[in-house]
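Please examine the following structure with attention to its charged pairs, its sheet and its aromatic rings. The questions and answers below take these topics in turn.

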Amino acid sequence: MSISPAEFENLFSSFRREAFRLETLDDYSGSSDPEMIRAFLAGEPQPDHYNQEWADEVAGNIGAGKRMYRVHIISRPMTDYLRFELGWGYRKNAKAGEEFFILDITDQPNPLEGVPDFWMFDESSVVSMSYGEGGRFLGAEPHSSATEWVVHRDLALSHAVPFADWWGQYGER
């Protein structure tokens with residue numbers, strides 16, 4: 001049973017304390033603006049309007065005392081898409097107050113093998129996402145219990161490092 005886009009979007013304005021995201025893919029280009037990816041790869045400056053709607057939503061939630069954070073499971077070397085997402089997206093969203101953590105599985109097994117991307121709101125509402133080829137978003141499915149997803153979040157966080165630390169070591173390569 002899929003959740004409608006409107007219901008999914010409503011979760012981002014109705015949560016009360018925190019929103020957590022687990023990202024598991026190294027390519028979401030099918031769900032991104034190809035012109036922005038092209039500009040990044042060409043070394044062009046980031047346009048001010050890039051991802052501004054999301055940055056504004058994050059800033060509004062952070063300003064209301066809510067927390068938004070995510071863990072991205074990554075293996076080096078980074079794909080061109082990951083260099084774009086982290087170089088432009090994460091860095092801009094961090095300025096708006098979103099927190100990022102990296103679970104680097106380059107030299108260790110993935111402790112969350114088989115766990116899909118998901119958003120969890122207030123440790124009670126969970127929506128897992130499915131993606132097609134090239135990271136094209138296909139839809140989201142709500143889950144009735146958050147228990148196993150809280151365990152996934154906690155495991156991801158226990159193996160992850162703050163994005164700024166990881167980026168300082170690997171991001172500018």
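Q: Does Arg153 count as buried, partly exposed or exposed, and at what relative accessibility?
A: The model is predicted, so local features need pLDDT of at least 70 and side-chain atom pairs count only at pLDDT 80 or more, while totals for chains, interfaces and linings use all residues. Residues are numbered from 1 along each chain as its sequence is written, and side-chain values use heavy atoms, with hydrogens and water left out. Buried means under 20% relative accessible area, exposed over 50%, and partly exposed in between (1.4 Å probe, protein chains only). Arg153 therefore counts as buried, at 6%.

Q: Which residue forms a salt bridge with Arg153?
A: A salt bridge is a side-chain nitrogen of Lys or Arg within 4 Å of a carboxyl oxygen of Asp or Glu. For Arg153, the closest N and O atoms of the pair are 2.7 Å apart, and the partner is Glu123.

Q: How many residues apart in sequence are the parts that Arg153 and Glu123 tie together?
A: Helices (H or I, at least four residues) and strands (E, at least two) are DSSP runs, numbered from the N terminus. Arg153 belongs to helix α5 (residues 147-159), whereas Glu123 is in the loop between β4 and β5 (125-131), so the parts tied together are apart by 30 residues.

Q: Which strands hold Glu99 and Arg67?
A: The side chains of Glu99 and Arg67 meet in a salt bridge of 2.8 Å, N to O. This pair ties together parts that are 32 residues apart in sequence, because Glu99 lies in strand β3 (residues 99-104) and Arg67 in strand β2 (residues 67-74).

Q: What is the relative accessible area of Asp107, the partner of Arg76 in a salt bridge?
A: The closest N and O atoms of Arg76 and Asp107 are 3.9 Å apart. Arg76 is partly exposed, with a relative accessible area of 25%. Asp107 is exposed, and its relative accessible area is 70%.

Q: Over the ring of which residue does the charged end of Arg76 sit?
A: A charge sits over a ring if NZ of Lys or CZ of Arg is within 6 Å of the ring centre and within 35 degrees of the ring normal. The charged end of Arg76 is 3.8 Å from the centre of such a ring, that of Tyr170.

Q: Which strands stand at the edges of the sheet?
A: Two strands pair if DSSP finds at least two bridges between them. The open sheet has seven strands in the order β6-β5-β4-β1-β2-β3-β7, with mixed pairing. One side of each edge strand is left without a neighbour in the sheet, because a single partner strand is present for each of β6 (137-143) and β7 (161-162).

Q: What is the bridge partner of Arg70 in β3?
A: β2 and β3 run parallel and are joined by six bridges. In β3, the bridge partner of Arg70 is Phe100.

Q: What is the angle between the planes of Phe12 and Trp54?
A: Rings of Phe, Tyr and Trp (its six-membered ring) pair if their centres lie within 6.5 Å; planes under 30 degrees apart count as stacked, over 60 as edge-to-face and the rest as tilted. The structure holds 25 aromatic pairs. Phe12 and Trp54 form one that is edge-to-face, 5.5 Å centre to centre, with an angle between the planes of 80°.
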